[in-house]
Amino acid sequence: MRYLTNTSKKHSQKYNHKHSLTAAALIAVIGLTGCSDDDDDSPAPEPVTPTTPVAVMQTYTVTVTNLTANQPMSPIAIASHSADVMLWQAGEAANVALEKIAEGGDAADVAAIEGVNSTVSGAGILMPGMSETITVTLDEADVANLTVATMLVNTNDAFTGLNSYDITMLAVDESVSMRGMVYDAGTEANSEAKGTMPGPADGGEGYNSERDDVDFVHIHPGVITMYDGLMDSVLTPSHRFDNPAVAISISRTE
Amino acid sequence: MKSSVLKTTMLPAVSHQVNAPSRAVKASLLTVGLMAAGIFSASATAADLEISVVNLTHGNHFTPIFIAAHDADSHLFEVGGTATPALQKMAEGGDIADLDAAVMGAGGFTVTNPAMGLLAPGATVNEVMLDSMDMTHLSIVAMVLPTNDAFIGLDGWEIPTEAGSYTVYLNAYDAGTEANDEIVNGGGMSGVPGIPAAPGGDAGMNGTGVMDGSVNSYVHIHPGVLGDTDAAGGASDLDSRIHRWLNPVAKVVVTVK
């Protein structure tokens with residue numbers, strides 16, 4: 001659990017407070033990037049070619065691994081956006097785009113958020129233990145922050161991912177690895193009851209606009225299950241999870 | 001090393017007044033002393049810190065938060081170490097006065113109760129200002145309510161010397177000083193069993209008491225509360241649907257000016 005406490009002075013300097021997964025990133029990155037923040041040997045500036053501007057593209061691959069025991073994840077949603085966009089803020093009420101992801105695994109509304117310049121989706125449900133690599137190609141002018149989000153489908157409104165992570169410092173062939181914790185959107189009570197969860201443990205309802213929980217995003221308290229005293233729960237012990245629930249690595253390939 | 005009593009400073013005795021002006025005076029005296037001794041490090045200059053704390057739990061409050069800037073050798077608590085009486089008071093009853101006295105007595109700088117009371121689930125306290133002066137490390141604690149002796153903890157985080165915003169996530173620790181019986185009975189004094197209060201008004205009553213069987217009397221990661229769904233009985237007075245948590249329980253953003 002040491003990813004939860006940031007003890008890395010060296011790497012923490014590059015991140016700002018919007019990055020909810022910063023602490024995770026800092027620890028995970030230590031062994032991987034070595035002296036990547038040593039900028040003394042940066043290459044000489046490219047000569048300026050006075051031709052008509054051509055769109056210069058950058059390519060990133062995002063690899064997501066489901067670390068849970070029995071929580072399939074809804075198709076991975078990736079959004080590229082400006083630095084000021086936050087799909088969620090701990091302690092604040094969820095927006096509807098996030099609510100739809102957290103309750104129903106539906107990320108369709110993310111593309112319409114102001115400041116989002118492109119979205120990419122995973123191929124389908126990401127099963128426990130499985131990894132998926134998704135390619136994101138961006139116009140150089142659009143490269144700023146990335147957000148990754150996915151629902152833990154055997155829950156009422158649990159989601160995980162990566163919140164507004166700055167990718168501009170990644171050079172070609174560099175990568176970062178992080179672990180994500182599970183958030184509770186706070187928009188649907190964690191009843192775990194029959195008919196309330198879209199995953200295979202239930203086959204119930206996804207998004208419902210009613211908000212009958214605390215109405216602020218927070219760290220998910222975990223599921224209780226029928227075996228631990230929640231009589232109406234249809235969940236079983238393998239549906240429990242702990243943090244982290246997902247591993248995410250981002251590589252810039254060109 | 002094991003018991004985390006704040007060490008007393010070896011610098012010449014100066015008055016330890018609580019108000020800010022005398023702190024500044026004391027600090028400059030201290031700085032002069034260090035420079036005279038030839039051990040002043042240029043990187044250890046004063047840092048103006050702006051701190052925010054977010055309560056990330058579903059349904060637990062934090063008692064008055066205690067933030068301290070201190071030297072590298074001091075700790076409010078250490079995982080695997082025995083809780084000091086001052087830490088125990090905070091963890092079992094939310095009383096931070098003794099921790100504050102210990103840090104101030106050792107020449108540190110503190111902020112007490114920046115949220116002006118309890119920090120509710122989902123709530124944030126912003127713009128907490130702390131000038132760490134020559135102190136290099138930051139610690140933060142507050143009791144988690146309702147619990148027997150859980151607290152949020154940041155132990156001796158090295159304050160960055162480069163300006164910027166730094167995010168740190170805090171775990172909930174168990175002080176190891178009181179059995180987690182999960183009975184809300186007003187017991188907040190050190191050594192008194194039970195939980196002082198459930199600020200959300202959402203605890204049950206007449207619980208028979210959880211026998212958690214823990215044998216770890218040192219500070220450790222809190223195993224979490226059990227709770228139950230029986231407000232009028234059962235083993236626990238806590239509600240498993242409201243009072244459970246997973247780590248992390250708090251988000252701290254430190255902006256170094």
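Predicted model: local features only at pLDDT ≥ 70, side-chain atom pairs only at ≥ 80, totals over all residues.
**Entry 1: chain A overall**

I began with the inventory for chain A, which has three helices and ten strands. Then I read the elements along the sequence and wrote down the pattern α-α-β-β-α-β-β-β-β-β-β-β-β. How much of chain A is buried? I found that buried residues account for 46% of its 254 residues. I also looked at how far apart in sequence the contacting residues are. Taking contacts in chain A between residues at least 6 apart, I noted that 76% of them join residues at least 24 apart.

**Entry 2: the open sheet in chain A**

Next I followed one sheet strand by strand. Four strands of chain A make up an open sheet, in the order β4-β1-β10-β7, and they pair antiparallel. Which strands stand at the edges? I wrote down β4 (131-139) and β7 (175-180) of chain A. Each of these has a single partner strand, so one side of each is left without a neighbour in the sheet. From one strand to the next, the twist averages 20 degrees.

**Entry 3: helix α2 in chain B**

Then I moved to chain B and helix α2, residues 85-93. Is this helix enclosed or open? Eight of the nine residues of α2(B) are buried, so the helix is largely enclosed by the rest of the structure. My list of the buried ones reads B:Ala86, B:Leu87, B:Gln88, B:Lys89, B:Met90, B:Ala91, B:Glu92 and B:Gly93. What do they pack against? I found β3 (66-70), α3, β6 (137-145) and β7 (150-158) of chain B.

**Entry 4: α2 against α3 in chain B**

Last, I looked at the helix pair. I wanted two values here, because two packed helices are described by the angle between their axes and the distance between the axes. For α2(B) and α3(B), residues 97-105, the angle is about 145 degrees and the axes are 7 Å apart. On the α2(B) side, the residues that meet α3(B) are B:Pro85, B:Ala86, B:Leu87, B:Lys89 and B:Met90. Across from them, α3(B) brings B:Asp98, B:Leu99 and B:Ala102. Sorted by class, this contact has six nonpolar residues, two charged ones and no polar ones.

Conventions: Residues numbered from 1 in each chain as written. Chains lettered and ligands numbered in written order. Pairing = 2+ DSSP bridges. Helix = DSSP H or I, 4+ residues; strand = E, 2+ residues; numbered from the N terminus. Axes fitted to C-alpha atoms, helices over the stretch in contact; angles between N-to-C directions. Buried ≥ 20, exposed ≤ 12 C-beta atoms within 10 Å, placed from the backbone. Contact = placed C-beta atoms within 7 Å. Nonpolar A, V, L, I, M, F, W, Y, C, P; charged D, E, K, R; others polar.
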